Amino acid sequence: MQYEVNTPDQYIKCLDDDWRKSVLNQIRTIILDHAPELQEHIKYKMLGYGLNDGSDNVFHLNAQKQHVGLYVGDISKIDPTGELTANLDVGKGCLRFKKSTKLDSAKLTEFITKTISMWRNNQDIGC
């Protein structure tokens, strides 16, 4: 879903207080805990995480009607074997978390930390 907001706090406040807000906040916390140098901002009407107000984004995060999307470029460059994204709904450049997705059993933290490590080492994670 798209919201006409200017700040991450405004974005969070616009979300319905349901499972999507909870999942989005859990993913948001993992990103910010493992990459404190990333700046959280709004880009493409969703949360963005990168440097220089979005010119070097690593992640985008968005609550859709039926899922929460984590956008990262090219999933296959980050997880070529599919081990970290097993049992997740995976697109070319996004992970979709539905109401039934159990974040505790997903290897989401490992996926995010690997993505951050590759980005910090100037490895290609883009589309």
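These legends go with several views of a predicted model.

**View 1. The whole chain and its order of elements.** The chain has four helices and six strands, with helices being DSSP runs of H or I of at least four residues and strands runs of E of at least two, numbered from the N terminus. Going along the sequence, you get α-α-β-β-β-β-α-β-β-α. Residues are numbered from 1 along each chain as its sequence is written, and side-chain values use heavy atoms, with hydrogens and water left out. As this is a predicted model, local features need pLDDT of at least 70 and side-chain atom pairs count only at pLDDT 80 or more, while totals for chains, interfaces and linings use all residues.

**View 2. Dimensions and contacts.** Along the principal axes, the C-alpha atoms fill a box of roughly 35 × 35 × 25 Å. Of the contacts (heavy atoms within 4.5 Å) with a separation of 6 or more, 50% link residues 24 or more positions apart.

**View 3. Two cysteines, C14 and C94.** C94 counts as buried because its relative accessibility is 9%, whereas C14, at 36%, counts as partly exposed. Here buried means under 20% relative accessible area, exposed over 50%, and partly exposed in between, using a 1.4 Å probe and protein chains only. The structure holds zero disulfides; a disulfide is a pair of cysteine sulfur atoms within 2.5 Å.

View 4. Buried residues make up 45% of the 127 residues. The chain exposes about 6900 Å², with carbon and sulfur atoms supplying 46% of that; the areas come from the Shrake-Rupley method with a 1.4 Å probe, and for residues only the protein chains shown count as cover.
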